[in-house]
Amino acid sequence: MPRSIWSGAISFGLVTVPIHVVGATEDHSIRFHRYHLADQGRIRTRKVCELEDREVGSDEIGKGYELATSQIVPITDEDLRELPLPTARAIEIVAFVPLASVDPIRIGDGYYLQPDGQVAAKPYKLLRQALARSSKVAVARYAWSGRERLGLLRVRGEAIVLHAMRWPDEIRDPSSLTPPPVEVSEEEIEGALALMDTMTRDDLEGDEFRDTYTEAVAELIEAKREHRRPETVPEPEERPGQVLDLMAALQQSVSKAKESRGEGDHAEGDHAEVRELPGRKKKAPAGKTPGAGGAAKKPAGEKPTGGRATGGKATSKKAAPKKETSKSTAGKKTAAKEPAGKKATTRRPRSA
């Protein structure tokens with residue numbers, strides 16, 4: 001467990017819980033030093049007094065507030081500890097709110113609150129169980145590093161976590177960054193929701209949430225230490241700079257998301273259905289409708305040179321004498337045409 005950063009107590013009404021504050025997170029970033037290229041000498045930042053033009057140690061350095069260029073008001077750590085604030089040595093809970101009511105942009109770094117001794121065990125557990133059962137978080141005030149702050153207390157496992165919070169006036173107004181007015185269709189919203197469904201996860205575990213940059217830097221350092229070339233990284237897939245068809249981009253994104261989750265067959269089927277033009281399937285059976293001219297026109301469309309002329313002559317020769325008959329012989333006219341169609345189709349195989 002890391003060292004204690006701050007010691008005090010949680011003030012919960014008339015209940016006091018002595019605690020230690022310890023870091024809840026770690027920074028695994030790789031740090032670089034500055035060095036002289038000519039001889040690899042380390043480049044350091046030294047603290048120099050501007051008046052005496054000499055380097056000074058930490059025991060000679062204090063802090064103060066600059067009123068003017070030549071006037072500084074010195075402030076000591078003891079002065080800050082003696083400030084008349086109830087939050088100087090306590091984390092004072094002032095309200096309990098639903099977590100959804102807190103804008104995440106106001107939430108900062110997290111710290112574990114550790115109970116200080118056996119006397120703090122019971123009130124600590126009481127507060128933790130009350131927070132867990134209420135499904136709420138506590139908003140508190142406390143003073144660290146020369147200023148009063150807001151904090152958010154929540155439950156994580158068996159521990160209570162304190163998140164630093166920003167004051168409302170520390171959040172910049174985003175109104176100047178909003179895009180110009182545009183219209184978004186219902187189909188585009190549904191497409192975005194479909195993409196969100198395909199990308200929904202139950203947890204944040206997996207290769208997608210691994211720090212690949214730090215791993216690549218570590219591999220680069222190791223390769224240079226061993227005087228070998230580092231592994232080459234494949235070029236990233238080029239993406240268009242401008243989205244011309246938003247719906248097409250959403251549909252393609254859904255297909256890729258499904259393929260990445262092992263649903264390639266479904267993704268291909270969905271993609272084929274989306275690309276299908278409406279009405280294309282209906283045009284094929286339209287030419288097959290039964291009628292006097294339908295059967296003769298289909299073979300004529302397949303071979304416009306020979307079939308059309310032959311079919312046309314055969315029909316006209318047999319239809320001419322039938323015109324002199326009465327309307328009661330119309331059925332014989334149709335029957336006479338059917339053999340003509342059969343003769344035409346036996347000359348070549350039907351195409352699918």
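**Entry 1: the aromatic residues**

I began with Y111 and W144, and both are buried (under 20% relative accessible area, where exposed is over 50% and partly exposed is in between, with a 1.4 Å probe and protein chains only). I was looking at a predicted model, where local features need pLDDT of at least 70, side-chain atom pairs count only at pLDDT 80 or more, and totals for chains, interfaces and linings use all residues. Residues are numbered from 1 along each chain as its sequence is written, and side-chain values use heavy atoms, with hydrogens and water left out.

Next I searched the whole structure for aromatic pairs, and the search gave four. Rings of Phe, Tyr and Trp (its six-membered ring) pair if their centres lie within 6.5 Å; planes under 30 degrees apart count as stacked, over 60 as edge-to-face and the rest as tilted. For Y111 and W144 I noted ring centres 5.3 Å apart and planes at 80°, so this pair is edge-to-face. The pair links distant parts of the chain, with Y111 in strand β8 and W144 in strand β9, 33 residues apart. Strands (E, at least two residues) and helices (H or I, at least four) are DSSP runs, numbered from the N terminus.

I then checked Y142 against W144: the ring centres are 4.8 Å apart and the planes stand at 70°, so this pair is edge-to-face. Y142 is buried, as is W144. One aromatic cluster takes in W6, Y111, Y142 and W144.

**Entry 2: the nonpolar cores**

Which residues touch the most other members of the largest nonpolar core? I found I10, I19, I91, L113 and L153, out of 21 residues in that core. A nonpolar core here is a set of buried Ala, Val, Leu, Ile, Met, Phe, Trp, Tyr and Cys residues joined through side-chain atoms within 4.5 Å. At least two residues each come from β1, β2, β7, β8, α2, β9 and β11. β9 gives the most, with four residues.

Not counting residues up to four places away in sequence, L153 touches a list of residues including I10, I91, L113, L131 and V137 (contact means heavy atoms within 4.5 Å). Apart from this core lies another, of seven residues, with V139, L150, L152 and M165 among them.

**Entry 3: R128 in helix α2**

I found R128 in helix α2, which covers residues 121-134. Is R128 buried or exposed? R128 is buried, with a relative accessible area of 11%. Leaving aside neighbours within four places in sequence, R128 is in contact with V155, G157, E158, A159 and I160.

Helix α5 (residues 246-260) has 15 residues and reaches 21 Å from its first C-alpha to its last, close to the 21 Å expected (1.5 Å times one less than its number of residues). Its buried residues are M247, L250, V254, S255, A257 and K258. Seen down the axis of α5, they fall within an arc of 165°, so they line one face of the helix; the arc is that of the directions from the helix axis to the C-beta atoms. Just after α5, G262 takes a positive phi of about 80°.

I also looked up A192, which sits in helix α3 (residues 186-198). A192 is partly exposed, at a relative accessible area of 30%. A192 and S253 are 61 residues apart in sequence and 9.4 Å apart in space, C-alpha to C-alpha.
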